[in-house]
Amino acid sequence: MSANIENQGGAKDTLLWGVVFIILIASIVANSFYSELPVAIRAAAVVVAVGIAALLAYQTTKGKNALAFAKESRLEMRKVVWPNRQEAIQTTLIVLAVTAVVGLFLFLLDGLLVWLVNLVTGV
């Protein structure tokens with residue numbers, strides 16, 4: 001069944017993904033090949049190439065699914081109830097306190113184990 005889901009896009013999607021990867025690889029190679037050009041021009045060329053690759057990727061089934069997922073994620077982020085400043089500070093202090101207690105416990109346990117090993121081995 002998963003093979004059927006993957007093959008929904010067909011040959012067109014495969015071709016588009018191939019073109020996307022060729023564009024991205026070509027932009028990397030061109031960026032290093034034309035290293036004598038100013039950085040701003042090379043950066044602009046890479047941004048344009050990535051934009052074209054993104055538009056082509058959007059034309060595929062997986063690209064459309066990814067964009068739909070991003071939109072749904074953004075919608076879910078709006079539903080999140082973020083803590084206020086006081087709650088964030090209290091939670092941070094609790095985490096710091098628990099970390100300090102666990103660190104002290106591990107320090108004491110390590111010291112005890114070293115003492116026991118020294119006792120047993122006579123070192």
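Two aromatic pairs are counted in this predicted model, where rings of Phe, Tyr and Trp (its six-membered ring) pair if their centres lie within 6.5 Å, planes under 30 degrees apart counting as stacked, over 60 as edge-to-face and the rest as tilted. In one of them, the rings of Phe33 and Tyr34 have centres 5.0 Å apart and planes at 85 degrees, so this pair is edge-to-face. Phe33 counts as exposed at 60% relative accessibility, and Tyr34 as partly exposed at 40%, where buried means under 20% relative accessible area, exposed over 50% and partly exposed in between, with a 1.4 Å probe and protein chains only.

Because this is a predicted model, local features need pLDDT of at least 70 and side-chain atom pairs count only at pLDDT 80 or more, while totals for chains, interfaces and linings use all residues. Residues are numbered from 1 along each chain as its sequence is written, and side-chain values use heavy atoms, with hydrogens and water left out.

The UniProt record, an unreviewed entry, lists residues 15-34, 40-58 and 93-117 under "transmembrane region"; its positions follow the numbering used here, feature names are shortened, and annotations may be inferred rather than shown by experiment. Residues 15-34 are 95% helix and 0% strand, with end C-alpha atoms 28 Å apart, where helices (H or I, at least four residues) and strands (E, at least two) are DSSP runs numbered from the N terminus.

Ser27 lies in helix α2, which covers residues 10-33, and at 11% relative accessibility Ser27 counts as buried. The side chain of Ser27 reaches the backbone oxygen of Leu24 at 2.7 Å. Leaving aside residues up to four places away in sequence, Ser27 touches Val46 and Ala49, contact meaning heavy atoms within 4.5 Å.

Helix α5 takes in residues 85-121, and its 37 residues should span 54 Å at 1.5 Å a residue, which agrees with the 53 Å between its end C-alpha atoms; the expected span is 1.5 Å times one less than the number of residues.

Leu112 is placed in helix α5 and is partly exposed, with a relative accessible area of 43%. From C-alpha to C-alpha, Leu112 and Ile25 are 57 Å apart in space, and 87 residues separate them in sequence.

Terms used: Polar contact = N/O pair within 3.5 Å; in protein donor to acceptor, adjacent residues only side chain to side chain.
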